[in-house]
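Have a look at the sequence and the picture, then read on.

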There are 2 protein chains.
Amino acid sequence: MSHKPLPRPGGRSARVQQAVHAAVSALDDGEGRTQLTIPMIAEHAGVTPSTIYRRWGSLRELLADVAAERLRPEAPLSDTGSLEEDLMVWAGEFMEEMTSRPGQQALADALGSASHDPRTRCYDWQCEQIALMLSRARDRGESSLPSVDTLIDVIMAPLLYRVSHAPESLSETRLRHWVRRALGSACENFRANTE
Amino acid sequence: MSHKPLPRPGGRSARVQQAVHAAVSALDDGEGRTQLTIPMIAEHAGVTPSTIYRRWGSLRELLADVAAERLRPEAPLSDTGSLEEDLMVWAGEFMEEMTSRPGQQALADALGSASHDPRTRCYDWQCEQIALMLSRARDRGESSLPSVDTLIDVIMAPLLYRVSHAPESLSETRLRHWVRRALGSACENFRANTE
């Protein structure tokens with residue numbers, strides 16, 4: 001958890017962040033991306049450009065910060081009654097969102113920052129969500145549960161790799177394979193299931 | 001293989017690309033990143049800014065293109081006599097390079113582009129390298145070989161995820177675990193090996 005503390009809600013710093021994030025969302029329609037400038041965002045947000053430079057350093061870091069907030073999970077996690085289905089719903093929603101055009105843009109912004117902070121936040125959220133699913137599974141009496149690390153490595157990592165490098169290779173079958181592999185019920189290679 | 005064909009070597013287009021890439025490398029010391037502009041790069045490369053805008057569209061896409069070229073494997077793949085060790089050397093070199101400061105910057109640039117092209121090239125190279133290692137293993141008579149897909153998902157994907165999101169969690173032990181899991185000799189969870 002190496003990221004900077006979030007600004008106090010309602011404080012001046014939080015209000016500036018909210019206004020600047022809202023300005024980016026309003027001005028960034030995904031089309032005129034290369035036209036977006038810090039002075040333009042500052043004017044829309046009602047702050048000075050130097051406020052933005054001081055806080056974010058560059059447009060790229062500001063866009064990464066806004067993207068990370070977009071990647072923050074909103075809806076409460078589904079409780080389907082089994083860890084396998086909870087993981088399928090969770091990973092399936094991520095896959096759907098991240099293969100959309102705004103999702104692809106948010107992902108590129110978050111992955112493209114020089115600062116680790118936006119990615120550290122995404123990692124922390126993903127670990128928290130997995131920990132919640134595992135704790136529910138434990139409460140239901142499910143046994144032989146994998147670790148948070150295993151679920152990150154075996155499900156989230158290949159999902160993110162393929163969303164970013166080869167989105168056309170994604171499918172629900174592949175996702176199911178990863179989930180089962182993570183749960184220890186499918187140690188064989190993916191090939192075995194699909195060829 | 002959805003990326004644009006590479007320019008004909010020695011042709012005008014290839015010479016422009018080479019000059020512009022060299023200018024970026026010369027001007028981008030990783031420090032004054034936010035000062036880097038297309039007119040500055042154009043002047044250093046001896047081309048007009050509009051040549052760069054026409055070809056790459058934006059600074060961000062140009063930086064991603066340069067980064068992808070930096071990520072292109074250079075050294076011939078080690079042939080250690082076993083697939084497990086070949087994979088360890090290959091993934092170990094990637095880990096070492098990508099956790100360095102220039103590696104982290106190249107990775108962020110390649111992952112941060114709106115265009116898929118730089119990432120598709122990286123994916124193609126990774127698949128080609130894996131296919132070569134598998135073909136050598138087949139020639140040596142190694143059996144029960146995993147697919148290229150499995151090696152991407154079980155080794156390269158978590159490696160890239162952790163390089164990008166949580167580099168401090170990487171270790172050679174973890175890498176060995178992924179390689180063994182991919183080769184089918186370690187279906188148990190990572191936890192089992194480390195806790």
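## First, a term

A salt bridge here is a side-chain nitrogen of Lys or Arg within 4 Å of a carboxyl oxygen of Asp or Glu. Keep in mind that this is a predicted model.

## The overall picture

Let's start with chain A. Its secondary structure comes to 10 helices and 0 strands, and reading along the sequence gives the pattern α-α-α-α-α-α-α-α-α-α.

Chain A has 195 residues, and 52% of them count as buried. Among its contacts with a separation of 6 or more, 64% are between residues 24 or more positions apart. The chain exposes about 9,200 Å², with carbon and sulfur atoms supplying 51% of that area.

## A bridge from helix to loop

Side chains of opposite charge can pair when their charged atoms come close. Over all chains, the structure holds 32 salt bridges. One of them joins the side chains of Arg140(A) and Asp79(A), at 2.8 Å from N to O. Arg140(A) sits in helix α7 (residues 117-140) of chain A, while Asp79(A) is in the loop between α4 (59-71) and α5, so the pair ties together parts that are 61 residues apart in sequence.

How accessible are these two partners? Arg140(A) counts as partly exposed, at 31% relative accessibility, and Asp79(A) is partly exposed too, with a relative accessible area of 48%.

## A bridge between chains

Asp149(A) forms a salt bridge with Arg162(B), and the closest N and O atoms are 3.1 Å apart. This pair crosses between chains, going from helix α8 (residues 148-165) of chain A to helix α8 (residues 148-165) of chain B.

Is Arg162(B) buried or exposed? Arg162(B) is buried, with a relative accessible area of 0%. Asp149(A), on the other hand, is partly exposed at 21%.

## Buried partners and a network

In chain B, the side chains of Asp65(B) and Arg121(B) meet in a salt bridge of 2.5 Å, N to O. The pair links distant parts of the chain, with Asp65(B) in helix α4 (residues 59-71) and Arg121(B) in helix α7 (residues 117-140), 56 residues apart. Both Asp65(B) and Arg121(B) are buried.

Over in chain A, a network of salt bridges links Asp65(A), Glu69(A), Arg72(A), Asp117(A) and Arg121(A).

## A negative patch

Which residues form a negative surface patch? They are Glu74(A), Glu93(A), Glu96(A) and Glu97(A). Take Glu93(A): its place is in helix α5 (residues 83-99) of chain A, and Glu93(A) is partly exposed, with a relative accessible area of 47%.

Definitions and conventions: Residues numbered from 1 in each chain as written. Chains lettered and ligands numbered in written order. Predicted model: local features only at pLDDT ≥ 70, side-chain atom pairs only at ≥ 80, totals over all residues. Heavy atoms only, no water. Patch = residues over 30% accessible without salt bridge, like charges linked within 9 Å, V, L, I, M, F, W, Y side chains within 5 Å. Areas by Shrake-Rupley, 256 points an atom, 1.4 Å probe, with all protein chains shown as cover. Lys, Arg positive; Asp, Glu negative; His and termini not counted. Charge placed at Lys NZ, Arg CZ, Asp CG, Glu CD. Helix = DSSP H or I, 4+ residues; strand = E, 2+ residues; numbered from the N terminus. Buried < 20%, exposed > 50% of the residue type's maximum accessible area, 1.4 Å probe, protein only. Contact = heavy atoms within 4.5 Å.
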